[in-house]
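Here's a quick briefing to read alongside the model. Have the viewer open as you go through it.

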Amino acid sequence: MQANGTTPLVEMRDISIAFGGIKAVDGVSVDLRPGEVVGLLGHNGAGKSTLIKILSGAYRPDAGEIYVNGEKADIGTPRDAKRYGIETIYQTLALADNIDAAGNIFLGREVLTPYGTLDDATMEAETRKVMARLNPHFRRFKEPVKALSGGQRQSVAIARAIYFNARVLIMDEPTAALGPAETQQVADLVLQLKKEGIGIFLISHDIHDVFGLADRVSVMKNGRLVGSANVADVTQDEVLGMIILGKCPPGAVPGPGAS
Amino acid sequence: MTAPSATAAPSHGATSASFLSKLEIDVRMLGMLAALGVIWIGFDILSGGLFLTPRNLWNLSVQTASIAVMSTGMVLVIVTRNIDLSVGAILGVVGMIIGVLQVQWLPAWLGFEHWLTAPIAVVAAVLVGGAIGLFQGWLIAYLAIPSFIVTLGGLLIWRGAAWWVTTGQTVAPMDTRFKALGGGVEGALGATATWIIAAVACGLIVVALGLSRRRRVRFGFPVRPAWGDAVIAAFACGAVLIAAAIANAYPLPVGIARRWAEANGIAWPEGGLSIPHGIALPVLIAIIVGLGMTFLARRLRFGRYVFAIGGNPEAAELSGINTRWTLMKVFGLMGLLCGISACISTARLNAATNAAGSLDELYVIASAVIGGTSLAGGVGTIAGAMLGALVMQSLQSGMVLLGVDTPLQNIVVGAVLVLAVFVDGLYRRRIK
């Protein structure tokens with residue numbers, strides 16, 4: 001579908017997972033190259049979030065393989081995914097509401113003092129640095145994130161994903177809870193990270209969001225891949241047709257789910 | 001992401017709220033101390049000055065120790081959105097085991113009153129309690145059986161097991177050195193040791209405040225004003241010294257003082273000899289447990305994970321935290337603390353009975369909840385729970401002092417529990 005021959009950062013091949021006999025994801029293959037933004041589209045319940053949760057280690061697939069930099073990867077837990085440089089910003093943000101920003105950013109990867117105790121001062125200093133880049137007005141470092149606004153919580157979740165030098169970033173509906181100005185900031189951030197060579201999976205049900213940012217789109221319907229296309233080769237209406245009808249247009253490569 | 005609300009400037013009004021926030025003092029904790037003060041002064045007036053005497057306060061501190069130790073573990077259990085109904089029963093079975101251990105098994109091997117008897121009994125209590133806790137934690141974390149059910153079953157099982165140890169017979173008396181763990185005359189540390197402990201505590205308070213301040217200054221973080229640190233240090237050290245003075249103002253009974261004087265080769269003077277009790281060993285144990293558990297909860301990764309699990313279990317899991325193992329350890333810790341409490345209450349009673357610790361689970365849970373631990377999970381402090389234990393025990397011994405009948409005591413304690421949670425809910429909703 002495109003000519004560049006670089007090894008994909010991530011390749012998911014024939015991924016399937018079933019919950020109680022219902023195939024949430026059925027034989028889906030997607031890939032992602034360095035500096036590329038791939039939009040993952042589909043209705044609610046199409047299996048997008050389940051697919052990326054497999055990549056981020058929350059679920060283990062029943063079948064299929066994941067390759068990172070061309071090598072087979074075994075991702076069974078979120079910790080494994082992070083070891084491969086795969087970071088996720090979940091739709092729910094997945095923040096522990098009762099803990100402050102630094103505690104959330106470093107959750108599971110705390111900085112320790114030589115005595116094995118939490119090095120809160122260092123973590124707070126690092127948090128101040130990364131938040132200064134993402135949200136310069138952020139001041140509430142000592143409060144539980146429950147007290148923060150939607151945009152502030154979002155920036156804490158993003159900070160957690162980018163602080164640890166992610167190579168693959170999964171953003172699940174990153175702008176669903178944000179106002180127009182904040183949405184624009186997320187868009188700017190996506191473009192900046194892309195420039196740094198990070199590959200981004202952008203999950204959204206808003207086709208306009210995705211068309212503005214993505215290089216390619218993959219569309220899912222009922223757990224199956226309808227098709228993938230370069231954004232330049234298809235129109236928004238054609239992609240809408242893929243999402244709603246499962247109809248694959250001539251500019252796209254059809255998947256097993258195409259009708 | 002330029003959130004407008006982020007720049008809300010702190011108000012500079014000279015209100016008491018901003019004074020307290022400058023000191024970074026937990027207002028809730030202050031409220032609890034005020035409530036405790038009201039209870040103490042109220043009972044003192046009603047009892048005609050009997051409540052606020054060194055003797056009563058000393059006994060109160062000893063009576064609180066066992067529940068206070070267990071309440072520190074219950075905080076972590078409840079913070080993870082679980083409950084442990086089996087703590088009283090675990091205390092019972094562990095108490096029976098270490099009772100039989102030092103009355104029947106160890107004397108057969110070491111002889112009576114051997115110096116190793118007490119240490120072995122304590123280690124056994126901690127190991128047995130911890131093992132029971134870990135087992136229940138395994139059922140809860142790895143087999144996904146609700147903690148309410150596992151520990152409700154545990155309540156019956158361990159209480160039954162306590163009976164089986166001796167088929168219901170009470171075991172007594174305990175080893176003399178072991179008895180010191182329960183307070184009483186053997187467990188009173190005396191005036192000199194008490195002042196030394198108080199001085200060390202004051203030193204630690206000042207050093208801890210200084211270190212935390214220095215670290216924040218080094219990173220260029222905002223610090224509380226210097227006078228704020230000074231005020232806190234002064235109040236904390238003052239409280240420690242007053243507590244030490246009260247413990248030292250309670251003299252040993254005359255007969256025991258005379259025996260002590262004879263044993264130490266001191267001539268018994270004409271007017272009698274006033275030998276202070278000093279702080280009681282179980283109280284010192286409870287304070288050390290409280291400090292240790294606070295360290296665990298606030299300064300270690302384990303504590304951070306416990307609170308993260310309580311705040312959002314899914315987020316904790318997605319962060320790569322081994323939530324099951326963490327949960328199992330929380331219950332293991334709870335069992336271990338039951339073992340310590342079993343030592344304290346068995347030693348205090350100078351006997352192991354299969355009914356020891358009955359209803360303790362409810363007092364422990366009530367202490368944690370009165371102390372501000374939220375049953376919804378994610379919120380709670382060790383110090384609050386220990387203060388909660390002190391509030392409960394104050395109510396009970398105050399009513400005993402006034403000659404209130406036991407059924408009425410239970411009614412009052414129950415009503416206070418419900419009222420405390422109601423007031424706490426009001427407070428939380430108001431600050432939100």
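Helix α4 (residues 87-110) of chain B packs against helix α15 (residues 360-370) of chain B at an angle of about 130°, and their axes sit 6 Å apart. That makes α4(B) and α15(B) oblique to each other, since angles under 35 degrees count as roughly parallel, over 145 as roughly antiparallel, 65 to 115 as roughly perpendicular and the rest as oblique. This is a predicted model, where local features need pLDDT of at least 70, side-chain atom pairs count only at pLDDT 80 or more, and totals for chains, interfaces and linings use all residues. Residues are numbered from 1 along each chain as its sequence is written, while chains are lettered from A and ligands numbered from 1 in the order in which they are written.

**The helix pair in chain B**

- On the α4(B) side the contact uses V87(B), G88(B) and L91(B), and on the α15(B) side D360(B), E361(B) and V364(B); residues are in contact if their C-beta atoms, placed from the backbone, lie within 7 Å.
- By class, that contact has three nonpolar, one polar and two charged residues (Ala, Val, Leu, Ile, Met, Phe, Trp, Tyr, Cys and Pro count as nonpolar, Asp, Glu, Lys and Arg as charged, and the others, Gly among them, as polar).
- Axes here are lines fitted to C-alpha atoms, for helices over the stretch in contact, with angles from 0 to 180 degrees between N-to-C directions.
- Helices (H or I, at least four residues) and strands (E, at least two) are DSSP runs, numbered from the N terminus.

**Domains of chain B**

- Chain B splits into domain 1 (32-185 + 280-431) and domain 2 (188-278), with bounds from an automatic or database domain assignment.
- The C-alpha centres of domain 1 and domain 2 of chain B are 25 Å apart.
- Eight residues of domain 1 of chain B touch ten residues of domain 2 of chain B.
- On the domain 1 side of that contact, α3(B) gives the most, with four residues.

**Where the chains meet**

- 28 residues of chain B are in contact with 35 residues of chain A.
- On the chain B side, α8 (191-218), α12 (301-311) and α13 (313-318) of chain B are the elements giving two or more residues.
- Sorted by class, the chain B side has 13 nonpolar, nine polar and six charged residues.

**The sheet in chain A**

- Seven strands of chain A make an open, mixed sheet in the order β6-β7-β8-β3-β9-β10-β11; strands pair if DSSP finds at least two bridges between them.
- The edges are β6 (86-89) and β11 (253-254) of chain A, each pairing on one side only.
- β9 (residues 216-221) and β10 (residues 224-230) of chain A run antiparallel over six bridges, and V219(A) has G227(A) in β10(A) as its bridge partner.
- Helix α8 (residues 236-245) of chain A packs on this sheet against β3, β9 and β10 of chain A, its direction making about 25° with that of β9(A).

**Chain A overall**

- Chain A holds eight helices and eleven strands.
- Its C-alpha trace spans about 60 × 40 × 40 Å along the principal axes of chain A.
- Domain 1 of chain A (1-41 + 55-85 + 168-180 + 206-259) goes with domain 2 of chain A (94-166), and their C-alpha centres are 29 Å apart.

Definitions and conventions: Two residues are in contact if their C-beta atoms, placed from the backbone, lie within 7 Å.
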